[in-house]
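Have a look at the model first, then read on.

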Amino acid sequence: MTDDEIQRSLAELHPASAGWALSCCRWDREEAEEVLQVAYLKILDGRARFGGRSSFRTWLFGVIRRTAAEHRRGRWLRSVVGLGWRDGHPSPPPSPETRLGEAQSSHALRTALRELPARQREVLHLVFYQEMTLDEAARVLGISPGSARTHYHRGKIALQRRFGREGKP
Amino acid sequence: MTPEDDRDLATAFADLRREEEGQTPPFDEVVRRGRTRRPVRAGLLGVRPLALAAAFALAALGVWLGVRAREPRHPAVPPLAEWRSPTDFLLATPGRDLLAAPAAWDRSVLDLREVPLTSQPERRFPS
């Protein structure tokens, strides 16, 4: 893929990537945007290269997921060592309208998803939100399709239980 | 889980997606912010003193452990061949020379009397 094609593909997939980054960061908007920035720059600067072994979206989601994990480890390390610096320009806090919107419709689902184990949350997000097949989700997560299926079924049951408790929208 | 449950979940996720897509900053804006933000790894000068101190302590610990590993664990031990028992003198009995050099087949036992009993046991006492 040429640089232009990569940039175009990234732009096309940007809304889906943003949703995936949010899920990887448990809906911490600031962290999700940082992760997305770092992941995009890795790709645009050639530090992460698409090998063509899977679809571009599958590969991109894998890069975002790994970047989120690195970011989480970095944050943890900085908090342990006592380096309380926050790098970059933090994204502005959500507006009252945004908060109201969040509270109205999807708050229950988001809360229920946050409580799930990471693998279950990721599989459910990829299948229901990104409309991927279980095989594609397994490739993004680097697990076997059978394992993805197990996480999917357990996640659905757990989500249904929690979602029911939180109240359906 | 029934198909209706799956449909409910799919609807809820679709609502969530619509909501989040409305709040997503544009792609160019995300890239621009990424390019202008300070890198996480700011180099040695950007690191706070506590981190420097921790790194220095770790390095010192590493050097100390390395030096310690190279040192012999026990003081120099003499080779086994040089070892002598502290009660070895008890074996130095009178007439030891006679025992060390027995009479040859073609000599009489009486000739042995000619051998002077020179080797007297050294008087030593265990400390």
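**Aromatic contacts**

1. Phe50(A), Phe56(A) and Trp59(A) are joined into a cluster by ring pairs. To be counted as a pair, rings of Phe, Tyr and Trp (its six-membered ring) need centres within 6.5 Å; planes under 30 degrees apart are called stacked, over 60 edge-to-face, and the rest tilted.

2. Before going further: this is a predicted model, where local features need pLDDT of at least 70 and side-chain atom pairs count only at pLDDT 80 or more, while totals for chains, interfaces and linings use all residues. Residues are numbered from 1 along each chain as its sequence is written, chains are lettered from A and ligands numbered from 1 in the order in which they are written, and side-chain values use heavy atoms, with hydrogens and water left out.

3. How many aromatic pairs turn up over all chains? Searching the whole structure gives 7. One of them is Trp20(A) with Phe61(A), a stacked pair at 5.7 Å centre to centre with 10° between the planes. Trp20(A) belongs to helix H1 (residues 3-24) of chain A and Phe61(A) to helix H3 (residues 56-81) of chain A, so this pair ties together parts 41 residues apart in sequence. Helices here are DSSP runs (H or I, at least four residues), numbered from the N terminus.

4. Trp20(A) is buried, at 0% relative accessibility, and Phe61(A) is buried at 0% as well. Buried means under 20% relative accessible area, exposed over 50%, and partly exposed in between (1.4 Å probe, protein chains only).

5. Phe50(A) is partly exposed at 25%, whereas Phe56(A) is buried at 11%.

Methods: Helices (H or I, at least four residues) and strands (E, at least two) are DSSP runs, numbered from the N terminus.
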